[in-house]
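Try each task before you read its solution.

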Amino acid sequence: MQGKKHLIPQLFYNTSLDKLLPEDNFYRMLNSELDLHFVYKATSKYYGSEGQQSIDPVVLFKILLVGYLNNIDSDRVLLH
């Protein structure tokens, strides 16, 4: 007889990204050593004071940094 697994989705999962990444992960070490708060001051003159909020410039910088370090030249691949 062929078995079939019945998936019962859970509403909440008891896990975190900190538990999934090893302590010697490159990006974990980079995040602890690299302070990117200067990006806010450096980019503040390019943002307006009205309208919808934009993406956090530090998040955008981190996305571009990951793309550079992993030689990813496609935005679509980078955000996937």
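**Exercise 1. Charges.** How far apart are the mean positions of the positive and negative charges of the chain?

Solution. Start with the counting rule: Lys and Arg are positive, Asp and Glu are negative, and His and the chain ends are left out. Next, place each charge at NZ of Lys, CZ of Arg, CG of Asp or CD of Glu. The chain has 8 positive and 9 negative charges. Their mean positions lie 9 Å apart.

A note on the source: this is a predicted model, where local features need pLDDT of at least 70 and side-chain atom pairs count only at pLDDT 80 or more, while totals for chains, interfaces and linings use all residues. Residues are numbered from 1 along each chain as its sequence is written, and side-chain values use heavy atoms, without hydrogens and water.

**Exercise 2. N25.** Is N25 buried or exposed?

Solution. Apply the cut-offs for relative accessible area: buried is under 20%, exposed is over 50%, partly exposed is in between (1.4 Å probe, protein chains only). N25 counts as buried because its relative accessibility is 19%. Of the chain's 80 residues, 9% count as buried. Now locate N25: the loop between α1 (17-20) and α2 (26-33). Look at its side chain. A polar atom there lies 2.8 Å from the backbone nitrogen of Y27. A polar atom of the N25 side chain also lies 3.2 Å from the backbone nitrogen of R28.

**Exercise 3. Y47.** Which residues does Y47 touch, not counting residues up to four places away in sequence?

Solution. Find Y47 in the loop between α3 (38-43) and α4 (57-69). A contact means heavy atoms within 4.5 Å. Y47 touches S54, I55 and P57. Check P57: ten residues separate it from Y47 in sequence, and the C-alpha to C-alpha distance is 10.0 Å. Y47 is partly exposed because its relative accessible area is 36%.

Note on methods
Helices (H or I, at least four residues) and strands (E, at least two) are DSSP runs, numbered from the N terminus. A polar contact is a pair of N or O atoms within 3.5 Å; within protein, one must be able to donate a hydrogen and the other to accept it, and residues adjacent in sequence count only if both atoms are side-chain atoms.
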